[in-house]
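Subject: Structure handover

Hi,

Here is the structure I promised to pass on. Please open it first, then read the notes below it.

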Amino acid sequence: MKIAVDFDGTIVENRFPGIGKPKLFAFETLEALQKKGHDLILWTYRSGSKLDEAVAFCQEHGIEFYAVNKNFPEEAEDERVSRKIAADIYIDDRNLGGFPGWSEVWKMLNPEVYQDDINLGKINKKGMGWLKRLFSRTLLLLIVAFLASCTANQKEEKGQGQAAEEKEKTTYDKVVAFRAKQTKDLYTTGQDIGFQLEWPDTVGIDSMKTYANTRLKESFYEPVQELAITTGDLPVGTNTFKVEVWLDNGHRENHYQTLRLKSDITPEKLDCRVVRTLDHDPTAFTQGLYYEDGYIYEGTGKRGASSLRKVDLETGELVSSLALPAEYFGEGITGYGDKIIQLTWTSRTGFIYDKESFSLINKVRYPTEGWGLTTDGKKLIMSDGSATIYFLNPNFNETGRIKVYDDQGPVRMLNELEYVNGKVYANVYQQDYIISFSPESGKVLEKIDCSKLVPEKYKNSRENVLNGIAYDPESQMFFLTGKRWSNMYQVELVE
Ligand SMILES: [Ca+2]
């Protein structure tokens, strides 16, 4: 079979333009498929040197592709024409319904397990659901036929495969340890991380190179047992460190260690000073908020009560409103040119409206929960309740992502967002403070205490919490409110 595989987000965590750490069992599964004689096609939006890096990274992990961004090796490419892939299976994290993980892919492609499941009638409707999503349409029957044909000699093959793997290991795995000198849950960006290597006396080592996330850090022309890797240029969150060891016999081996980095910045503590108290609809379960040209635009949540509305800031008059169909739970909103985009919580569906008429222009799909949404004018910036921030183009295709970390670790539950002058301000679900972070580094820059804004009756509420950040660039004032609050506050940030 021809199996097309996406790279960023599927084989590795999406850190484009960098290369994230391999997804659990990704290379093991691909290698096993390759050994069975399937043709693997790398099908990715990467091009040029970024594409070369991805191919090299896969080569290092034992994967040679039959074709790269082509249907077959000899295919003449025409960059101007977008082509469709002619593979039997297309494995992509952006498939509808999301990516089930490589262990699930392996389970389904492993005839032994699969056959047992068929025999025992264990494949339930849920399992079939994602299988259909993963291997689109009629391919299911094809796969079952293929798996059945493989089953007969499966045991023998597996035995041989394991033996070959063990042989390979004893031949090439000469360095017995590559690890950080100190065991820490979190390291700090900017600090050097010390590593140590161990190998038996019988092994001759010619040279070494260290890498962080596939970028070369340092070359050593003599073997060293202790070395340090600088981290000032690395993102917060998970980073993969590698030492490439060249042995005297010409063989090369790679050793990896994955470590997490927290921010080296202590967030500046700010307060908010109320300049003006405005009315806010106490039935509005605020999930999205932004300001433009004298109007507050608000998206509200709860199934059956979700809406999009436009309010005149000065008069408080409701200018336009739109109720969402009852099955949708409205979430973050942002203006984008002459449009408004509104997320929904778990339906993986976003709505694009005409800003003036509120008429629905289009629907978009995305593969995660929808929480907050804002824009820097070009990219859409989206949260999903985790510590991850996604950057999307207007068609909702992901162009990158970052993790948000402060000097203690990841900041999860990122909710409503507002991009202001190179920073992103974010509500943190069920917290009475707002943070700002750099959309480049993901490091938290400020922490703004908003506890004084929380209405007395909602001080202990887990539901009617601080949420909603809008900004007027003219007055340089923020508008803050909360879910079902009777007031919205115009505030300035003060020390
Ligand atoms: Ca906002």
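Two residues are in contact if their C-beta atoms, placed from the backbone, lie within 7 Å. Keep that in mind for V12. Leaving aside neighbours within four places in sequence, V12 is in contact with F7, I19, G20, K21, P22 and K23. The model is a predicted one.

**Overall**

The protein has seven helices and 32 strands. Buried residues make up 36% of its 495 residues. Take the contacts with a separation of 6 or more: 56% of them come from residues 24 or more positions apart.

**The start of the chain**

V12 is found in the loop between β1 (2–5) and α1. Is V12 buried or exposed? V12 is buried, because 24 other C-beta atoms lie within 10 Å and the cut-off for buried is 20 or more. V12 and F27 are 15 residues apart along the chain, and their C-alpha atoms are separated by 9.3 Å.

P17 is found in the loop between β1 and α1 as well. Look at the peptide bond from F16 to P17: it is cis, with omega near 10 degrees.

**Two helices**

Helix α1 covers residues 26–35. Its buried residues include A26, F27, T29, L30 and L33. These residues cover an arc of only 160 degrees around the axis, which puts them on the same side of α1. Just after α1 comes G37, with a positive phi of about 95 degrees.

Helix α2 runs over residues 48–60 and has 13 residues. From first C-alpha to last, α2 reaches 19 Å, close to the 18 Å expected at 1.5 Å a residue. G62 follows α2, and its phi is positive too, near 85 degrees.

**A five-strand sheet**

Next, an open sheet of five strands. Its order is β6-β12-β11-β8-β9, and the pairing is mixed. Which strands stand at the edges? They are β6 (187–188) and β9. Each has a single partner strand, so one side of each is left without a neighbour in the sheet.

Strand β8 (residues 205–212) has pairings with β11 and with β9. With strand β11 (residues 237–247), β8 pairs in the antiparallel sense over seven bridges. There, S207 has W246 in β11 as its bridge partner. With strand β9 (residues 215–220), β8 is joined by five bridges, and the two run antiparallel. A212 stands opposite R215 in β9. β8 and β9 form a hairpin with two residues between the strands. In that hairpin, N213 takes a positive phi near 50 degrees.

**A second hairpin**

Strand β18 (residues 330–336) is mostly covered, with five of its seven residues buried. β18 pairs with strand β19 (residues 339–344) in the antiparallel sense, over five bridges. T334 stands opposite I341 in β19. Two residues lie between β18 and β19 in this hairpin. G337, in the turn, has a positive phi of about 60 degrees.

**The cores**

In soluble globular proteins, nonpolar side chains tend to be buried together. The largest nonpolar core in this model has 70 residues. Which of them touch the most other members? V404, A426 and A470 do. Domain 2 (177–262) and domain 3 (268–494) both give residues to this core, so it lies between them.

A470 touches L289, Y290, Y291, I296, E418, F478 and F479, not counting residues up to four places away in sequence. There is also a second, separate core of 23 residues. F27, L30, A54 and C58 are among its members. F27 and L30 are also among the buried residues of α1.

**Two loop residues to look at**

K302 has a phi near 80 degrees, a positive value in a residue other than glycine. Where is K302? K302 lies in the loop between β15 (295–300) and β16 (307–312). K302 has 18 C-beta neighbours inside 10 Å, so it counts as partly exposed.

Q430 is not a glycine, yet its phi is positive, about 70 degrees. Q430 is found in the loop between β27 (423–428) and β28 (433–437). Q430 has 13 C-beta neighbours inside 10 Å, so it counts as partly exposed.

Best wishes

Terms used: Residues are numbered from 1 along each chain as its sequence is written. A residue is buried if 20 or more other C-beta atoms lie within 10 Å of its own, exposed if 12 or fewer, and partly exposed in between; C-beta atoms are placed from the backbone. Helices (H or I, at least four residues) and strands (E, at least two) are DSSP runs, numbered from the N terminus. The arc is that of the directions from the helix axis to the C-beta atoms. Two strands pair if DSSP finds at least two bridges between them. A nonpolar core is a set of buried Ala, Val, Leu, Ile, Met, Phe, Trp, Tyr and Cys residues joined through C-beta atoms within 7 Å. Domain bounds come from an automatic or database domain assignment. The expected span of a helix is 1.5 Å times one less than its number of residues.
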